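Notebook open, model loaded. I'll jot down what I look up as I go.

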Amino acid sequence: MVNPGGSSQPPPVGAGSLSWKRCAGCGGKIADRFLLYTMDSYWHSRCLKCSCCQAQLGEIGTSCYTKSGMILCRNDYIRLFGNSGACSACGQSIPASELVMRAQGNVYHLKCFTCSTCRNRLVPGDRFHYINGSLFCEHDRPTALINGHLSSLQTNPLLPDQKVC
């Protein structure tokens with residue numbers, strides 16, 4: 001398994017030393033023909049699972065994602081942390097336990113989810129518009145939107161979103 005963002009490589013394993021490896025998931029000896037290595041540990045292929053959806057990662061691909069002690073499949077990593085794991089506004093990392101706001105697949109810190117014009121923070125219950133990658137409060141939406149020249153991609157009331165599985 002690949003650990004995106006990590007550079008650790010598994011120590012060499014000889015055929016005779018497989019019985020010496022213990023699975024980080026179940027604690028049992030690994031005597032299987034195949035074993036997985038991530039987060040500086042060895043795993044049975046059946047034991048390495050996504051912390052959110054419990055998918056067996058050895059069966060669905062050749063990579064897994066780790067953040068804040070969680071092991072995640074690609075879909076759950078992107079769902080929780082966006083494509084980069086960073087806030088779309090400031091670019092800083094978002095801790096796994098932090099509340100976030102989302103718009104059109106982008107993830108934001110609560111403090112960064114602000115109107116592009118007035119810089120006021122958008123809070124749950126506010127209506128907003130997401131146009132060409134920018135957020136606008138109801139008051140500051142571009143005048144072209146009012147005249148119908150631009151289509152609003154998102155005009156729903158804002159609800160908080162917590163990064164939990």
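This is a predicted model: local features need pLDDT of at least 70, side-chain atom pairs count only at pLDDT 80 or more; totals for chains, interfaces and linings use all residues.

I started with burial: 34% of the 165 residues in the protein chain are buried (under 20% relative accessible area; exposed is over 50%, partly exposed in between; 1.4 Å probe, protein chains only). Residues are numbered from 1 along each chain as its sequence is written, and side-chain values use heavy atoms, with hydrogens and water left out.

Next, the layout. I get 3 helices and 9 strands, taken as DSSP runs numbered from the N terminus (helices H or I, at least four residues; strands E, at least two). Along the sequence the pattern reads β-β-α-β-β-α-β-β-β-β-α-β.

Then I looked for nonpolar cores, meaning sets of buried Ala, Val, Leu, Ile, Met, Phe, Trp, Tyr and Cys residues joined through side-chain atoms within 4.5 Å. The largest has 20 residues, and Leu-57 and Leu-72 have the most contacts inside it. Strand 1 (36–38), strand 2 (41–43), strand 4 (70–72) and helix 2 (74–81) each supply at least two residues of this core. Another core lies apart from it, with 15 residues, including Phe-113 and Tyr-130.

Helix 2 got a closer look. Which of its residues are buried? I find Asp-76, Tyr-77, Leu-80 and Phe-81.

On to strands 5 and 6. Strand 5 (residues 99–103) pairs with strand 6 in the antiparallel sense over 4 bridges; pairing takes at least two DSSP bridges. Met-101 has Tyr-108 as its bridge partner in strand 6. The two strands form a hairpin with 2 residues between them, and Gln-104 in the turn has a positive phi of about 50°.

Last, I checked His-109, which sits in strand 6 (residues 106–109). Is His-109 buried or exposed? It is buried, at a relative accessible area of 6%. Leaving aside neighbours within four places in sequence, His-109 is in contact (heavy atoms within 4.5 Å) with Cys-87, Cys-90, Gln-92, Ser-93, Ile-94 and Glu-98.
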